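Here is a walk through one predicted model, chain by chain and then residue by residue. Have the structure open while you read.

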Amino acid sequence: MKLHYDDATERFRAELRAWLEENQPDVAAVRADPSRSSAHVPEWARAWQERLFDAGWLVPGWPPELGGRNATPVQQLVYFEEMARIPVMRSYNPQGLTIIAPSLRDFASPAQQARFLVPSLRAQITWCLGMSEPGAGSDLAGLQTRAELQGDRFLVTGQKVWTSGAAHSDFCFCFVRTDSEAPKHRGISVLVIDMRSPGIDVRSMPELTDRERADFNEVFFDGVVVPRENLVGPLNQGWSMAAGSLAHERGMLWTSQAARLEQQIDRLRELARTPGSDGRRLGEDAVFRDRVASLYVDVQALRCMGYRGFAKFAHGEAAPEHSVLKLFGSEIEQRLCLVALEAQGAEGLDVDWAGFGMMGDREPPWANRYLHTFANTIAGGTSEIQRNIIAQRVLGLPRS
Amino acid sequence: MDFEVSEEQEQLRASVADVLARECPPSLARARVEGGDAPVQPWRSAVELGWTGIALPEAWGGLGLSFEELGLVVEEHGRALAPGPFLATTTWFAPLVRETGDEVAGARWLAAVARGECTGSAAWGPDLAGRDAGVRARRDGDAWILEGTQRFVLDGDSADELAVAAQVEAGDGCALFLVPQQALKCQRVVSLDASRPLAHVGFDGVRVAPDRVLGEPGASRGVLARAREEASVALALETVGTCRTLFERVLEHARQRVQFGRPIGSFQAVQHKCADMFVQIEKARATAHFAMMVIAEDDPRRALAASLAKAAAGDCQRLVAKEAIQIHGGMGFTWESDVHLFARRAKTGDLLLGTAREHRARLAALLEL
């Protein structure tokens, strides 16, 4: 057991820090042209992702030709710790980088990889993920969007919903039903669908936080023609990709989540210095102190749990233990925002976003942050689904 | 950065678990709770196998290992619901004596601990709420006279030696003394977990000779704080161990107990409770192991880590002890079931050395809220 990284690892960190110092996007450029959705990649963001790719800092665990440097698992951990410290994300098409690119790498043919993988990593093409449907949320395998094979092409008809970034993405990594007779898990395939194809209708669907900002969309497919060569992996074996895709996302997600939560704890410490409704410093309120300390315990615990399970997670395997970190981390964030909001009293009701933006001077209102936390307790498998997974796959309780 | 135990540590842990599974079934704790005498085991095995001196220097007959190894042994003691003087002797008494840096006392008392010839405990001084006046000491020539009462001392009426924190009117106001059992006036507490015996300890003009004064009277507050941090982490580890075994019993029960024609573990209401218990256990275990490393490496985050671990262990037992009884249903409500024995031990672990809430208050101060 060791509390600290060795010297070689710290040198790796220092090299990354120096590089980031030199190569981070210019604040003025970011503010002038902010990203408007999870697939809207402004020019500065594209150039930034390309710099990361060329320097081998985009996906350090991968080889140089895929934007990496064959970094060891411990180095990757340090990488994610450092990336959580800077105010910009690696990619402004996060699903493209963290879910679809790894799936392409694992399952796509060499020809598909040549066409899609490196261009995705270099932010030349952007993606949305076609999973959820009106009738298939937690029960994802119940999806109904049909793809009929006719000769060398599929005809796709159906509807996706809650599709992040669909309005700005070039392609959809789309889960479709290709065998309606088979048991539901065995009739699913994955198609790459060009979002400019005739027959696709994208309707924006603002989230609960703000009517003016929509990342979500409904996507309608009406006889959309998709060439057979766009089938990823074997026909009717797309389900394993669905599980695998999300696992990629979770391997190291806790690092940035823990860092984000630590930053929010600092915000709570600042809040403690402001007056509460009785005029005294909030920090003098015993209940507030207890709640903040409790959140601090949870955030530190999340980090310790991540480090403890790290060996297992490092290989990017679909470890069901990820569910523990996903469940715990997302629920801490929800509690944290609620503690801040309730501590503010009526002040918390002012949800004017003016002046807030990417790298803006102001933090978004706690009420909005609280509402936004449901993104993490619902997306990627709801907290209830995570509890089912923990009970059945980690603890071995019988399926209901 | 490596939170995994080493291969040698895992071998040690597994061998401790083996021995305790053999020598220390829950029936030992039950016998103690039901009024039996202090059991010979697992203390005898601990002495024979060197666990009593595991973290003590080899010069004193110890194994010269670190607090990590001691912590793993303590966690296994918690898993086995072990009764006996191991916890108080190795994680309360020994650190307090060792932290004074008094080589003479170390060579005498801690070598005796390593050999299994001396059991000990600690009287930590007034509690944070000031409910307890504690013990005062005054000079009498080159000796000292102790007056007062320390309440709720673990193994207070059975430990051979008690390391006592007393108030003095000099320096930082804190002094440490060693007092033998026969000089104490003890009143056994009818405690929630009688396999973890507590006593109110009276000092009725106890005269302490100079060779039983630890360190410099009036300069012991730092020593006391460091020893208490170590003891808190050990107690957190023990509580985590107890909760883990309790949770294993819950899972076994949920798989086997059939109602409405199905194992109750197949019901989502039960599954979700189990998932939440597992999260709390993982949380408490990870923070306790972090704190164990912090103590072993003497990292500057000691105070923070100790309170983190103790608070997380408190949160964990709160949920696990409650749901364990609840999920066991009518069976869990009987004296015959061992569930309540584990629940009593886990609760005791939270209430001693500062509850989760008290440690959160300390964290709030450390965070400068």
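## Chain A overall

In chain A, take the contacts with a separation of 6 or more: 70% of them join residues 24 or more positions apart, where contact means heavy atoms within 4.5 Å. Chain A is as compact as a globular protein of its length, because its radius of gyration of 22 Å is close to the 21 Å that the globule rule gives for 400 residues. That radius is taken over C-alpha atoms, and the rule is 2.2 Å times the number of residues to the power 0.38. Along the principal axes, the C-alpha trace of chain A spans about 75 × 50 × 45 Å.

Of the 400 residues in chain A, 53% count as buried; buried means under 20% relative accessible area, exposed means over 50%, and partly exposed is in between (1.4 Å probe, protein chains only). The accessible surface of chain A is about 17600 Å², and carbon and sulfur atoms hold 51% of it. Those areas come from the Shrake-Rupley method with a 1.4 Å probe, and for residues only the protein chains shown count as cover. As for charge, chain A carries 44 positive and 51 negative side chains, with the centres of the two sets 3 Å apart. Lys and Arg count as positive, Asp and Glu as negative, while His and the chain ends are not counted; each charge is placed at NZ of Lys, CZ of Arg, CG of Asp or CD of Glu.

## How to read the model

A quick word on bookkeeping: residues are numbered from 1 along each chain as its sequence is written, and chains are lettered from A and ligands numbered from 1 in the order in which they are written. Since this is a predicted model, local features need pLDDT of at least 70 and side-chain atom pairs count only at pLDDT 80 or more, while totals for chains, interfaces and linings use all residues, and side-chain values use heavy atoms, with hydrogens and water left out.

## Chain B overall

Chain B comes to 12 helices and 10 strands. For its 369 residues, a compact globule would have a radius of gyration near 21 Å, and the 21 Å of chain B agrees. The C-alpha trace of chain B spans about 80 × 45 × 45 Å along its principal axes. Residues 24 or more positions apart make up 75% of the chain B contacts with a separation of 6 or more.

Of the residues in chain B, 61% count as buried. Chain B exposes about 14300 Å², with 51% of that supplied by carbon and sulfur atoms. There are 41 positive and 51 negative side chains in chain B, and the centres of the two sets lie 7 Å apart.

## The nonpolar cores

Which residues touch the most other members of the largest nonpolar core? They are L121(A), F173(A) and F175(A), in a core of 198 residues. A second, separate core has 19 residues, including A137(B), L162(B), A166(B) and V179(B). A nonpolar core here is a set of buried Ala, Val, Leu, Ile, Met, Phe, Trp, Tyr and Cys residues joined through side-chain atoms within 4.5 Å.

S307(B) sits in helix α9 (residues 302-327) of chain B and is buried, at a relative accessible area of 0%. Leaving out residues up to four places away in sequence, S307(B) touches H359(B), R362(B) and L363(B). Its C-alpha is 8.1 Å from that of V233(B), 74 residues apart along the chain.

S27(B), in helix α2 (residues 26-33) of chain B, is partly exposed, with a relative accessible area of 44%. The C-alpha atoms of S27(B) and T90(B) are 23 Å apart, and 63 residues separate them along the chain.

Helix α13 (residues 383-394) of chain A has buried residues, among them S383(A), I389(A), I390(A) and A391(A). After α13(A) comes G396(A), with a positive phi near 70 degrees. N70(A) is not a glycine, yet its phi is positive at about 50 degrees; N70(A) lies in the loop between α3 (43-54) and α4 (73-83) of chain A.

In chain B, D155(B) also has a positive phi, near 55 degrees, in a residue other than glycine. D155(B) is in the loop between β3 (143-154) and β4 (161-167), and counts as buried at 5% relative accessibility. Finally, the peptide bond from Q41(B) to P42(B) is cis, with omega near 0 degrees, and P42(B) lies in the loop between α2 and α3 (43-48) of chain B.

How values were computed: Helices (H or I, at least four residues) and strands (E, at least two) are DSSP runs, numbered from the N terminus.
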